Amino acid sequence: MWRNAEKRNSKDMIDNPFSYGKTVDDPFFYDRKKELEEIKLSMRNATNQIMYSPRRIGKSSLVIKALKDLEAEGHPTVYIDFFKVSSREKFIELYTRELMRPMSNWTKGLKRIQGLIRGIQPAMGLDQAGLPELRLSIDPLQTARAFEDVINIPANSKHDKCWIVVFDEFQEIEKLNGESFEKELRASFQHHRNASYVFLGSQRHMLLNIFSRKDRAFFNFGKLFQLEKPSEEESMVFIENRFRVGGYPVSEKLIRQILEQTRNIPYYLQYLSAEIWESARLSSSDPDVIYPQALERLLINQTDYFHGIRNQLTAFQVRLLSAIAWNGFGSYETTFLQKYRLFPTSSIQKAYKRMTDLDILEKQTNQYCISDPFFELWLKQQS
Ligand SMILES: Nc1ncnc2c1ncn2[C@@H]1O[C@H](COP(=O)(O)OP(=O)(O)O)[C@@H](O)[C@H]1O
Ligand SMILES: [Mg+2]
């Protein structure tokens, strides 16, 4: 009894060996050796790259890892998440913050930045936690100049090694509208011989629109490629190792169940594994035994979120979604449409489009899949 309690206590000390919801690095990061080397090689060569994949496959984690390595090699780097860019001013601010990040002497740094970017008035402030924070204000009459200066930093601030500038979730640029922002970026970037621009995006059709349509500013701007899921073997090794490190080894059968349930998508794989580990720890049980309860707990935790998604949809869209959940995928094939009594075709088209735009569905050639495997499971439980 006493021994058990002691054993449990020592395991209580261990943090969850899985991580999800934010970008990951070692020891939560696995595979991607080949991709990492290729991306870094292109970055070093000042080649522009465009990488797309559905959300939660690991684009940001991979590129941030590459940036860290190249920063250590002496490359100046900039990383901007376009979900945070709500205006031109915000873009200028985020870019400038990135320039300030490696500067050890803030006062000198601020001076240098002011010398490089017109119209910018940096100031030190305190954030909510009371920690020093760089605040920036931009003279409203000089926004255009500040923007021009910021985007030309890689050309005007000489460095031995090339600049690496990453724009994550770049499809969001469309919301800023758009076209003029895009044109100005392109007009400057094309002269930057000493910079590698890397664009990431999770909405395939939007990103392809930006980079592969002749009438768009960024047409043919760089190497376009899709990031695939990690290999199943690598995922299996990772799951096995992490459960072992966490003190609760798992069977191969359970590893295969996790892969199947999460479709080997890194985010869901880590999320489910984290829940299983946590359930095993809380009840000191074998993960294999606790698995059904852990999955149920995860679905219960997500219920409000799932209701939120479903509530945005019309009754017809929900019906189509349930049909896709049961069928495994949706299409325009008559067998599928008849089986679930889905008509007319025009409503189906509209429903597919809406749910793809909302990221609920993902289009793969002629099939539509539900992006979130847990949502799919939940929908099946509901109908
Ligand atoms: N190489 C990786 N190894 C392990 N887990 C990963 C890896 N890449 C991504 N993940 C998991 O997926 C989640 C989402 O990763 P992220 O890089 O934000 O994906 P994306 O940018 O494609 O949406 C992470 O929080 C992590 O749980
Ligand atoms: Mg991302």
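Of the 19 residues around ligand 1, those that come nearest are S19, K22, R56, S61 and Q270, where a residue counts as near if one of its heavy atoms lies within 4 Å. This is a predicted model, in which local features need pLDDT of at least 70 and side-chain atom pairs count only at pLDDT 80 or more, while totals for chains, interfaces and linings use all residues. Residues are numbered from 1 along each chain as its sequence is written, ligands are numbered from 1 in the order in which they are written, and side-chain values use heavy atoms, leaving out hydrogens and water.

- α3 (59-72) and α12 (266-283) each supply at least two residues of the shell around ligand 1, helices being DSSP runs of H or I with at least four residues, and strands runs of E with at least two.

**Strand β1**

- From strand β1 (residues 49-52), Q49 and M51 point one way and I50 and Y52 the other way, yet all are buried, that is, under 20% relative accessible area with a 1.4 Å probe and protein chains only.
- β1 pairs in the parallel sense over four bridges with β6 (residues 195-201) and, also over four bridges in the parallel sense, with β7 (residues 223-226), pairing requiring at least two DSSP bridges.
- Y52 stands opposite G201 in β6 and opposite Q226 in β7.

Notes: Buried < 20%, exposed > 50% of the residue type's maximum accessible area, 1.4 Å probe, protein only.
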